[in-house]
Amino acid sequence: MQAIQSTFDDLGTPLAGVTFVVVDLETTGGTPAQCGITEIGAVKVRGGEVLGEFQTLVNPAEPIPAFISVLTGITDSMVRDAPRIDSALPAFLEFAAGSVLVAHNAGFDIGFLKAAAARTGARWPGFPVLDTLQLARQLVVRDESPNHRLSSLAQVFGSPTTPDHRALHDARATVDVLHGLIERVGNLGVHTLEELASYSSRVTPSQRRKRFLADPLPSAPGVYLFKDGSDRVLYVGTSRDIRTRVRSYFTASEQRSRMAEMVRLAQAVHPVVCQTSLEAQVRELRLIDEHKPRFNRRSKNGRKVMWVKLTQERFPRLSIVRQVKDDGAHYIGPFRSRITAQSAIDAVHEVVPLRQCTGRLNGRGTACALADMGRCGAPCTGAQSEGDYAVVVAECRAIFTGNARPSAELLRARLEELASQERFEDAARVRDRFLQLVRGAARAQRLAPLVRSPEIVAARRSGLGGWELVSIRHGRLAGTVVSPRGADPMTYVRSMQATAEVVPAPTPERPSALTEETEILLRWLEAPGVRIVELDGSWTCPVGGAGSVRSELEPVVASAHDAVGFDNDVPGPRSGPGGRSDHGGATGRAAGLRRAG
């Protein structure tokens, strides 16, 4: 069906109170850009009553083709003294003002009207539009009518007007078709304009009948939980307007097939109103992790993240693990899948000759092919001493902890070598692996300082003129509040700090928050307009760390036309994600947070 072209403040407008203007056009052809309008006919109706009619011939300023005259009966002589479109269109727009336009095959008629408005310089009001053809395809089956032409539908619904390709006659017949279709959907539980506009036979009557579940919900930002008859959580979502979003689950605007099954099982919807969108995102994440709703895709993955570990042993190697432990080893991540984690490991092996074997070494083994290729020093045979191998491990540790630029230079050389050999696919594969590596390393380097900080208080202007205030403790959202316009925000900061959640320092076995929550908070902190109010701790990232290399590499990967490798000019120290210097010392206050006037 033709999509609604404007929004409605009240999505529950009763159909009996809607003013429809049913319009039909006759034209000189089928292309709005090349053909003109010869007649406009329209009928205004509300609550089943005709309020008025509009009809005018239009001089198209071009000859009417003979076959069109035979079809419509409109000839050149009939339109010779008729008004031009620049006079007829404003009159029609005045007649139709404030209404919902209806047409049979609306794309044709509305397309011509819009094209005429563009040619004459008239402003198109952006009417909501309903298409009786699309609606009929949902409601009139082949047993009733061989097709969905206006003439056939007029017979199905007993219209006293026979369509004859004259605009007003066809508009009158379309009115009868519209009323017949509205009567049918009314029997299916459709009683509002929004429901009619989004009607689809894919939405079952039982699904529509459950729209009452949204009636008591608040029109406020927050989280909503669909629950079944046993109070089990089926689905968790978030929205800026809970009531409007939940109502959409009972209309055709919800396209996800699994949601139909969820709505069938749902018996209640529980709202959780949040003060800010950040709070809503975090609450949604926590609720999904707590309840594991069967219809949330995120529930299926849960905490299945991977880390790449540089092991703590005599000859360290890289390993994929599911948990970070307090064992003195170095970790990067998290990675969303084993494939991306393995790509990061492969990237390290491209530039750092770490051993790739998994067994314990005793110096009496047999060298593998990697040693012959010069990509491993063969500590397994005793050919590489523990001290020499420690130098190799230090190169890998630098990628993990702070200075990724030497490895980036090695990668550049490797890419240039592959490109010179015209091994472009291999070069692209190496580059993409390295990108996974620096993403994982940058994620670890950016999250760790946030998790270590006992508290960060930050602020951002709210849409109402005050401040959104946030307390983050050890990477967990501990509190949030919105100060009103004109109020002293520091008063609200102190109140928030006094009532915020107490978050103890995390351990590998007992993290303070889900990694995904900390990432959400980090993205919010790095968003434009966010100011640090107080910092208890030290929020830093190494200037030459993986984040700065990532910021240089990602644009290259994103562009299909860039040459393989890095840009020749490598920027120096910079601010921004991954390349920032110290944000401030312990309990430092950023300048600029003041009362919103």
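**Entry 1**

I looked up Phe-92 and found a relative accessible area of 0%, so Phe-92 counts as buried. Buried means under 20% relative accessible area, exposed means over 50%, and partly exposed lies in between, with a 1.4 Å probe and protein chains only. I keep in mind that this is a predicted model, where local features need pLDDT of at least 70, side-chain atom pairs count only at pLDDT 80 or more, and totals for chains, interfaces and linings use all residues. Residues are numbered from 1 along each chain as its sequence is written, and side-chain values use heavy atoms, with hydrogens and water left out.

Next I searched the whole structure for aromatic pairs and got 9. Phe-54 and Phe-92 have ring centres 5.9 Å apart and planes at 65°, so this pair is edge-to-face. The cut-offs I used: rings of Phe, Tyr and Trp (its six-membered ring) pair if their centres lie within 6.5 Å; planes under 30 degrees apart are stacked, over 60 edge-to-face, and the rest tilted. The pair links distant parts of the chain, as Phe-54 is in strand β3 (residues 49-57) and Phe-92 is in helix α3 (residues 85-96), 38 residues apart. Helices (H or I, at least four residues) and strands (E, at least two) are DSSP runs, numbered from the N terminus.

**Entry 2: Phe-54 again, now with Phe-95**

I checked Phe-54 itself: its relative accessible area is 13%, so Phe-54 is buried. How are the rings of Phe-54 and Phe-95 placed? Their centres are 5.6 Å apart and their planes stand at 35°, so I noted the pair as tilted. Phe-54 lies in β3 and Phe-95 in α3, so this pair ties together parts 41 residues apart in sequence. Both Phe-54 and Phe-95 are buried.

The charged end of Lys-44 sits over the ring of Phe-95, 4.7 Å from its centre. The test is NZ of Lys or CZ of Arg within 6 Å of the ring centre and within 35 degrees of the ring normal.

I also listed one aromatic cluster, formed by Tyr-224, Phe-226, Tyr-235 and Tyr-249.

**Entry 3: The sheet that holds β3**

I traced an open sheet of 5 strands in the order β3-β2-β1-β4-β5, with mixed pairing. Two strands pair if DSSP finds at least two bridges between them. β3 and β5 (129-131) stand at the edges with a single partner strand each, so one side of each has no neighbour in the sheet. The twist averages 25° from one strand to the next.

Strands β1 (residues 19-27) and β2 (residues 37-46) pair in the antiparallel sense over 9 bridges. I picked out Glu-26, whose bridge partner in β2 is Glu-39.

Which strands does helix α4 (residues 106-120) lie across? I found β1, β2, β4 (100-103) and β5, with α4 running at about 80° to β1. Helix α5 (residues 132-139) lies across β4 and β5, at about 45° to β5. Axes are lines fitted to C-alpha atoms, for helices over the stretch in contact, and angles run from 0 to 180 degrees between N-to-C directions. Contact means heavy atoms within 4.5 Å.

**Entry 4: Val-324**

I found Val-324 in the loop between β10 (318-321) and β11 (330-335). Its relative accessible area is 25%, and Val-324 is partly exposed. Leaving out residues up to four places away in sequence, Val-324 touches Trp-307, Tyr-331 and Pro-508. The C-alpha atoms of Val-324 and Pro-508 are separated by 5.7 Å, though 184 residues apart along the chain.
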